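Please read them with the structure open.

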Amino acid sequence: MATFRLRYFSRPDTLRSIAPSRLLELLAPYRGVLAAAGCVLPTVAREELVPYQRLGELLAAASEALPAELLNVLYLIDEMATPEGADALLEAAFEENLSLDADQEQTPADVAVQVWLRRPELLERKHAERMTLRPRTFEYYQTARETPPVFRGLSASAKERLEHDLDDWLERRRRGRGSRVFVFPDEHEVRFLVRRGEPFRREESLSEKGVCGICYRPVRYDVVIFDRRLGELRINARLASEKRLYARLFGKHLFADEGCFPGGSKYTLEPLRHVGAEGLTCFDIEGLQWIRLVEVEVLFGGAYHARECRKADDVLADLAQRGRTLPQSGRLLKAVFRVKFADGRTPRSVTIRPSNVAQYTRDADAAMVERWLQSRGYIVAEEAAEHETFSEVLASA
C-alpha cells in the first residue's frame with residue numbers, strides 16, 4: 001500500500017458494527033498506548049462506554065501514538081471486513097473446523113475480528129489469497145525448456161530459502177526484511193503472493209497538537225503465477241528489476257534453475273497480425289531462401305482457458321484461401337516457422353515464444369534468423385535506429 005489508510009476501521013459506524021466484547025478483546029494489548037493518546041477503553045463491554053469517535057480519529061490519522069503492530073493487524077482485518085471477505089473467511093472456517101460464534105447478528109467486520117482472534121494465520125492466508133486475484137496487468141516469462149517444467153510443490157525449507165533470498169535483495173535496496181510468500185496451487189496454475197516492504201516513508205500528520213511526523217514502511221503485494229500448462233510465469237510487480245528478480249528466484253527455488261525463465265521482453269508476434277504474409281519475406285537476408293508459418297497458438301483465456309492451435313504447411317496461405325485472417329484478439333503464444341536455408345537441402349524449424357524464447361534446430365541458424373526477425377519487427381528489445389525497418393526494406397525493393 002502506498003500510504004496507510006483504513007477504509008472501514010477509521011469510521012465510527014464501522015467500529016460500532018463490531019460487538020463491543022470482540023472489539024475490546026482485539027484492542028486489549030494496546031490499552032496503555034490508547035489511553036495515553038486520549039482513548040480510554042472501558043473494562044465493561046457496553047457500547048455506550050466505548051469511545052468510538054476518538055478511536056476513529058486515531059485510526060484515520062494513523063496516529064504516531066499507535067504501534068506499528070496494531071496498525072498492521074487492523075490493516076489486514078480492514079481488508080477482509082467486506083461481505084466478500086467475510087464469506088471467504090466463513091467458508092474457510094467451516095472447511096478447517098474452526099468454531100465461530102453461531103449468532104446470526106454478525107457484520108463482516110465482526111467476522112473478520114473473530115477469525116483474527118481465534119486463528120490469525122487463517123485470516124492472513126485468506127487475505128493473501130484474495131490479493132492474488134486483484135492484479136490485471138502481468139509480464140510473461142516463458143520457460144527456456146522445450147517442455148514445461150513440472151511443479152511438485154514448495155517445501156517449507158524451500159519457501160524459507162526463497163524468502164531469505166528475497167530479503168537479501170530487498171535489504172540491499174533499503175526495503176527491509178520480513179518478506180512472506182504465500183502459495184495457492186490449483187489444477188492449472190500455482191499462484192504466489194509476495195508480501196514485502198517498500199522504501200521507508202516519513203510523512204507529516206496534523207493533529208490537535210500541531211504537525212508531527214509519521215514514520216513507517218509501506219507494504220507491497222506482488223503476484224507471481226506459474227501456468228502448469230504453458231510452463232510460463234506471469235508476474236505483476238512495479239519495477240523491471242523486481243520482475244527479473246522474481247523470474248530468477250522462482251526458477252531457482254521451484255525448479256533448481258535460475259535461468260528457467262529468461263528475463264527481458266525481446267520477441268513479439270504482432271507483425272503476423274499487422275502485415276501478414278509480407279512479414280515472412282526474406283529476400284534481403286543473405287542465406288535465407290523462404291520462410292513459412294506452419295503453426296501458431298493463440299490464448300483467449302476466459303473462464304475455460306480457451307486456446308486455439310492452428311497447423312498447416314502454410315498457415316497464412318491456408319487462412320487466405322478460406323477468406324480468413326489470424327484472430328485479432330487473444331495473445332499469440334507461439335509461432336513455428338519453417339525456414340529454407342541456402343546451405344541446406346531441407347527446411348529447418350524455428351520456434352518463437354514471446355516474450356523471450358527462440359528455439360532453433362541448429363544453433364548456427366540463430367544469427368541469420370535474428371537478422372530476419374529484427375528486420376521484420378519481431379524483435380522489440382534493440383534500438384530500431386541500428387537496423388533497417390521493414391517499411392524501408394519494402395520501399396527499396
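1. A residue counts as buried when its relative accessible area is under 20%. The model is predicted. By that cut-off, helix α13 (residues 366–375) is mostly covered, with 7 of its 10 residues buried. The buried residues of α13 are M368, V369, E370, W372, L373, Q374 and S375. Just after α13, G377 has a positive phi of about 90°.

2. The largest nonpolar core has 52 residues, and F9, L34, I77 and L123 are the members that touch the most others. At least two residues of this core come from each of α2 (20–27), α4 (52–60), α5 (68–80), α6, α7 (108–118), α8 (120–131), β2 (180–185) and β6 (219–227). Helix α5 gives the largest share, 8 residues. In soluble globular proteins, nonpolar side chains tend to be buried together.

3. L123 can be followed residue by residue. Apart from neighbours within four places in sequence, L123 is in contact with L76, I77, M80, L89, A112, V115 and W116.

4. A92 is part of helix α6 (residues 83–95). Is A92 buried or exposed? Its relative accessible area is 3%, so A92 is buried, given that the cut-off is under 20%. Setting aside neighbours within four places in sequence, the contacts of A92 are L122 and K126. A92 and L122 are 30 residues apart along the chain, and their C-alpha atoms are separated by 7.9 Å.

Definitions and conventions. Residues numbered from 1 in each chain as written. Predicted model: local features only at pLDDT ≥ 70, side-chain atom pairs only at ≥ 80, totals over all residues. Heavy atoms only, no water. Helix = DSSP H or I, 4+ residues; strand = E, 2+ residues; numbered from the N terminus. Buried < 20%, exposed > 50% of the residue type's maximum accessible area, 1.4 Å probe, protein only. Contact = heavy atoms within 4.5 Å. Core = buried A, V, L, I, M, F, W, Y, C linked by side-chain atoms within 4.5 Å.
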